[in-house]
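Here are some notes to read alongside the model. They take the contact between the chains, then the pockets, then the cavities.

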Amino acid sequence: MTAVGASPPRLEAPAKASGRARYVADLVQPGMLHGRLVRSPYPHARVLAVDTAEALATPGVVTIVSSIDIASRLPGLAPFDLACGSMERDPDAEPLPGDATLLGSTVRYVGDPVALVLAESEAAASRAAALVNVDYEPLDALLTPADAQAEGAVLLHEGAVGNVATRKTRRLGDPERAFADAAVVVERTFVTSRQKQAQLEPTGALAMVDSDGRITVWTPHQAPHRARYTLARLFGIPAARIRVIVPTVGGAFGKNDALTAEPYAICGALLTGRPVRVGYTRQEDFVGTEARHATETTMAMALRSDGTIAGVRGRSIVDAGAYLSHSAAITAVMLTHMVASYRIEHAELEATCLFTNTPVNGAFRGYGGPQASFPVEHLIDVGCAELGVDPLQARLRMRLRPGDPWGYRDQEITGDGHRLCLEEGAKAFGWDRARAPHPSAPGKVRGAGMASTVWKSGIVGKGMDHSAATARMTPDGGVLLLTAAADLGTGIRTTLAQICADAIGLPLDQITVVDNDTDLTPYDTGAFASRTLYRAGQAVEAAGSELRDRVLAFAGSSLEIDVADLVLTAAGVEPRGSPDRRISLPKLLRDGYLAGHEFVGHGQAPQTTAPSFCAVFAEVVVDCDTGQVSVLRVLAAQDVGRAINPAIVEGQIQGAVHQGIGLALTEGLVLDPETGTLLNGTYMDYRLLTSADSPRIEVLLVEEPDPTGPSGARGVGEPGIVVAAPAIANAILHATGTAPTRLPLTPERVLEALRSDSSQSRGA
Amino acid sequence: MNVTIEVNGQLTSRAVPDDRFLCDLLRDDLGLIGTKVGCREGVCGSCTVLLDERPVRSCLLLAAQADGRRVGTIEGLATDGVLHPVQQAFVDHGALQCGFCTSGMVMSAVAFLDDEPHPDREQISEALAGNLCRCTGYVKVVEAVASVAATEQPAASDGPGR
């Protein structure tokens, strides 16, 4: 029996179901202190003085370090890249404008840390943090990208001329001609919100300095190796003296692809010589960790009479927030993704990403994709409505076909998954019936919409994406699989164990995975970008194969049988068809180990990527009196290449689509326009969908193998969130003839769109 | 003050500060880390435990308020290492991903099924609305709970699932 294609429960599921899994807040070290950050109430200010006398007098407080004294107490700190790109950057390069400084002397958003209180208990640290008196000199604050671009605006970061974090352009073909020849041109301005990952586990990290000066840090980071290199550079110590361990992760969704509490925990441990855990409150998590970039895109789309895209023109403003982090990469992905899902030959796109005095924006599942797909997918439907064309058929006509060039890489489209997701998805959803006019209750209208995407597996840029794995057979015939593809709750640990089991030829229960320790695991870029299964899976498959070959080679030489005639099973190694000559693994391996052999396989992922295809269909009811949108049902059809563990794959797609529905209907951080203070930084105020207001999400798996993927698998985790919001917007458009273009699509905005549409119709 | 609480069937007496919350007593004093704290505001439901068999937010309840009463946590559900049917259903149905909400979700489901052993999907969705999950979209969570209830509906006939 093969492991790939089966759905065994997650390896850690029983521990999680019985409360035994240990997250960072569950970890305790003897003598451990608790850290609490003091955060700025100003969006932009210079720190003039920090008075800690009253706070230090609080019982239980050990020490307080602040912007004023950190440089003298911890000399040699360097500016650092919040996004942990330190491996990819030139080691000799100067810091970039917008890199962060630990407890810097200028604060750049409401919530930027100014001081770190270290105390014997969390309660004491919190009490004392409220007593730290900071003297600020407030500076002009740039609370919006418009402020940042205004003439004479202050400069937030030296070297960032015009407060521009990054600017990208992309031109394809001859857009002027495409627009001149178009059957219809539609244009709208789209606004997307700062969506928060809002993972259930509050951010935290625990750091400890060993007697030999080595630092161990426990953190739910998505990329422990990149975190290690970035922390090494920040603290000016060799990377080998930092060990990053990832405990059970309580959800990440991109938030933990940046440094958060780790530098503060290490700072505290270095200053006190004691273990330090820094745990953020939920409010700190909302304001002090990165969110999805807010964007404003004005896009014009030229369509041919059959509803296909002749050309696209777009101009986007992206809000980086206070520091650089992932902004350059996300802006690049956003522009690429605007032309990567269909045959689009003519385009002129520009995106400007600006620094503002607001919380930092960074990685969130989809990484620029939702911000690109919302305008593109909605304009297709607006254009098709004007043309009287079925938007599903339009998408089918311009879909990407096998062998087509692809916007993301100089690599061809593999497989016919785009067509299959559109066609099979439409069939399973009942597209034609759902698009037919429905009788509705008075004041309510019903509609159906869809959207599709061609997404990528892994990082777009070449040479930035690396996975390696090691499989080692222990003398008793078990296998230790070492990989740094951290399991954030995704089920990747189980999935990789399945791939490894099949590559070697052993049952799943022989495989033990260690995926959380930089001291033990080979380098891996991390768990994000729909890359973990695809890329780490490739490495694991290669490592398993090499291990099997080594074991068979040794068996061949000791049994004096040609390797090609040997098979490896859980029972041992035997000549094909001669179980009587079987040698058990423990016996074979004992002989091998005693003779000085080691049974290890290494694998490395090639520098490839694979397209993954997804179509999301949604049916909604809109209450025309209140603007309330109810999502009746959603279906996601996704080409995953090969579902290694179908239950895990379904769960990933359901989760991605669900977060996309949240983006569509309720989610977005709101900042006070006067002060820059976050207004909805609690679960009470930031509306996540509950089980009672979530539709059933059906998943249709399409399995068109990719030739490079492990067992044919393609990336899974992100496509659903990329197109769920436009599918819902398009359903609203179908139901009512209009839809707001500002996320989230709240009842107020839906009503406003309905009213302006009817007044326009009356005027016409 | 001194509190005496029956936790998972065992009587425990402790001197606690007046302002100690039940979740902290459970986690820090008793080492019952299965109860998770996601917000400390009584919204996310991760810290849900049973107080005299009723689900409560242990981050909003003072330890003192549990004095003389019975508290049930996730650690008390399994018997002799055999998972409670709700726990087992979460494992079998892939109803947990990161697992951080799972303890609270399971406790809410256990209490709900005690009251309503034969719920339909809509009732289950309503009953779990006080427990946020960010990973699953609740689909498999509802499936898991429905599988424990004897009245599981066939998938085709249960409409939009609202």
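1. Lining of the largest pocket. This is a predicted model. By class, the residues around the largest pocket are 16 nonpolar, 12 polar and 15 charged. The pocket holds about 1,200 Å³ of space. Its lining is made of 43 residues, and those closest to the centre are E122(A), A123(A), D24(B), D28(B) and R40(B).

2. Extent of the contact between the chains. Chain A brings 56 residues to the contact and chain B brings 44 residues. Together the two chains bury about 4,000 Å², with 57% of that area on carbon and sulfur atoms. On the chain A side, the residues that lose the most area to chain B are L200(A), S691(A) and R696(A), which together account for 19% of what that side buries.

3. Make-up of the chain A side. Helix 1 (13-17), helix 9 (282-288), strand 28 (629-639) and helix 18 (646-665) of chain A each supply at least two residues to the side that touches chain B. Helix 18 of chain A has the largest share, eight residues. Sorted by class, this side of chain A has 25 nonpolar, 20 polar and 11 charged residues.

4. The second largest pocket. Its space is about 1,000 Å³. There are 44 lining residues, and S193(A), L669(A), R742(A), L743(A) and R749(A) lie nearest the centre. The chain A elements that give two or more residues to this lining are helix 5 (145-149), strand 8 (184-192), strand 14 (295-303), strand 15 (309-321), strand 28, helix 18 and helix 20 (747-763). By class, the lining has 21 nonpolar, 13 polar and 10 charged residues.

5. The largest cavity. How many cavities of 30 Å³ or more are there? The count is six. The largest cavity has a volume of about 520 Å³. It is lined by 35 residues, with T490(A), S530(A), T532(A), Q652(A) and G717(A) closest to the centre. Helix 15 (492-504), helix 16 (532-559) and helix 18 of chain A are the elements that give two or more residues. Helix 18 of chain A has the largest share of this lining, three residues. The class counts are 16 nonpolar, 15 polar and four charged residues.

6. The second largest cavity. About 240 Å³ of space lies here. Of its 20 lining residues, L82(A), Y109(A), P113(A), Y264(A) and G288(A) are nearest the centre. Strand 1 and helix 8 (262-272) of chain A are the elements that give two or more residues to the lining. By class, the lining is made up of 13 nonpolar, four polar and three charged residues.

Key:
Residues numbered from 1 in each chain as written. Chains lettered and ligands numbered in written order. Predicted model: local features only at pLDDT ≥ 70, side-chain atom pairs only at ≥ 80, totals over all residues. Heavy atoms only, no water. Contact = heavy atoms within 4.5 Å. Buried area = accessible area lost by both parts, 1.4 Å probe. Helix = DSSP H or I, 4+ residues; strand = E, 2+ residues; numbered from the N terminus. Nonpolar A, V, L, I, M, F, W, Y, C, P; charged D, E, K, R; others polar. 1 Å grid on protein atoms, 1.4 Å probe; cavity = no way out; pocket = protein on both sides within 12 Å on 5 of 7 lines; lining within 4 Å. Points joined across faces, edges and corners; volume = space filled by probe spheres on them.
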